[in-house]
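Subject: Structure handover

Hello,

Here is the structure we spoke of passing on.

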Amino acid sequence: MSFRMPGARRARPSLVAAGTASLALLATACGGSGTGGSSTAPEEFSYLSVTENTTVRTALTALSEGACKSANDALPLKVETVPQASLDQKLQLLAGQDALPVQFAAGNAPALTQQLAKSGKVADLEKKLKDLGVYLQLEPAAVSTIKALYGGKLAVLPYEYNIEGIFYNKKVFGDNGLKVPGTWDELVSAAAKLEAKGVQPFSASGQQGWPLTRLISGYLYRSLGPYVLQDVADGKAKLTDPDYVKAAEEIAELGKKGYFGKGVGSIDYDTAMNQFLTGKAAMFYMGSWALANISDTKQNKLGAENVGFMPFPAVAGGKGSVDQYPSNVGLGVTLGAKSFDKKTGDWVSCIAKNYGSTALKDHGSISGFKVNTEVKDANEVTTQVRDTIAASQQNVLWFEALFSTKATTVSQQNAASLVTGSMSPKQFMQTVQDALAAR
């Protein structure tokens, strides 16, 4: 899998405006010697995660009781969670207090993790993994994706490796005589038919915002090609250019027609997932991390056999290809520099060797670690996604991947306004472009 990286991606040091106090603390933390503070032997394998992601912490807990029990006996796993929307602020505060945990979910935008790394707060994971002899336990495609996101650095561990696309209810499609849409026009037509039959076409979280902006970038990649957002990052194009605004217009039109249902702006991630898995919406744009939910019979009332996966459809006359899948490593997880000692290394070694099999076996979740124990896929859609990943030759990123932290926040906070009509497509793109220009 490949990414075009014209030189190193420009790291943007802008940080999310999460309050003067936290920004001041982070500025202080990043203004020191770059050593990340004196080393302190940790007493726990402390892990700061986000509330919305249950798979990683559940899999780590399973490892702590099984394959990694000896590492856990020496350094007990302790998990703390915060809502994803509060993660960046929490990391800024902890960094300023020189109190980052041993392991933590990286910021919502790569720029924050890069800033922490520059100040010596984040461990040099490539060196650490090579020293431990487990670097080759990472899938090359996952390493490539991480380095594309983090300026050529292995800044996070790939607890997830995902491609994105549209999950759909096969039974609803069949009952309504619908084929899998191959083009954008066919997708819109299918949505109109479903709406007319009283079936909500799409489920999406407007509260999180990114499930909506992913649709904008999907349209951009299909219409303008795989380097369309790199061109914005390089200053060769602006989000306010007509062809870019067109993408926002198309997604806004879906909202105008009611295809996301009522109250999309207040719907959180779990509710959106539940809408799809209980048959209340026919389609759900999401990453392959959703396979864990789809494989969970308690959550999935459709039955995994009734869930299909399709790529974001082609745009007529577009320069992109349907086999260029948005790719990511979920909300990456990294480790602090000052607390990475031998006991931490024992944990990381065990994770590298065992996490891939555990996550796939117990959760149907695909990671960027090698699967060292043969695991039979939980269902057909998991096999479909794994085969798609294996066959993919060129992947792309997502809407905010190359944005500053500030622009990421502005984009996601205003996405619901775009689809509910309280902000025009031009206004939305202008607002995000202004945040990019502010750096």
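Predicted model: local features only at pLDDT ≥ 70, side-chain atom pairs only at ≥ 80, totals over all residues.

Helix H10

H10 runs over residues 210-224. Its 15 residues should span 21 Å at 1.5 Å a residue, and the end C-alpha atoms are 20 Å apart, which agrees. Of these 15 residues, 14 are buried, so H10 is largely enclosed by the rest of the structure. With a relative accessible area of 6%, Gly218 is buried, the cut-off being under 20%. Between the C-alpha atoms of Gly218 and Ala247 there are 8.6 Å in space, while 29 residues separate the pair in sequence. After H10 comes Gly225, which has a positive phi, near 105°.

H10 against H17

The partner here is helix H17, residues 405-420. The two axes come within 8 Å and cross at roughly 80°. Angles of 65 to 115 degrees count as roughly perpendicular, and H10 and H17 are therefore roughly perpendicular to each other. On the H10 side, the residues in contact are Trp210, Leu212, Thr213 and Ile216. They meet Ser411, Gln412, Ala415, Ala416, Leu418 and Val419 of H17. Sorted by class, this contact has seven nonpolar residues, three polar ones and no charged ones.

Helix H5

H5 covers residues 110-118. Seven of its nine residues are buried, so this helix too is largely enclosed by the rest of the structure. The buried ones are Pro110, Ala111, Leu112, Thr113, Gln114, Gln115 and Leu116. H5 is followed by Gly120, where phi is positive, near 80°.

Nonpolar cores

Which residues touch the most other members of the largest nonpolar core? They are Phe167, Leu239, Met283 and Tyr355, out of the 128 residues in that core. The helix that gives the most to this core is H15 (residues 342-363), with eight residues. Another core lies apart from it and has 14 residues, including Leu48, Val82, Ala95 and Phe104.

Regards

Technical notes
Residues numbered from 1 in each chain as written. Heavy atoms only, no water. Axes fitted to C-alpha atoms, helices over the stretch in contact; angles between N-to-C directions. Helix = DSSP H or I, 4+ residues; strand = E, 2+ residues; numbered from the N terminus. Parallel < 35°, antiparallel > 145°, perpendicular 65-115°, else oblique. Contact = heavy atoms within 4.5 Å. Nonpolar A, V, L, I, M, F, W, Y, C, P; charged D, E, K, R; others polar. Core = buried A, V, L, I, M, F, W, Y, C linked by side-chain atoms within 4.5 Å. Buried < 20%, exposed > 50% of the residue type's maximum accessible area, 1.4 Å probe, protein only. Expected span 1.5 Å × (residues − 1).
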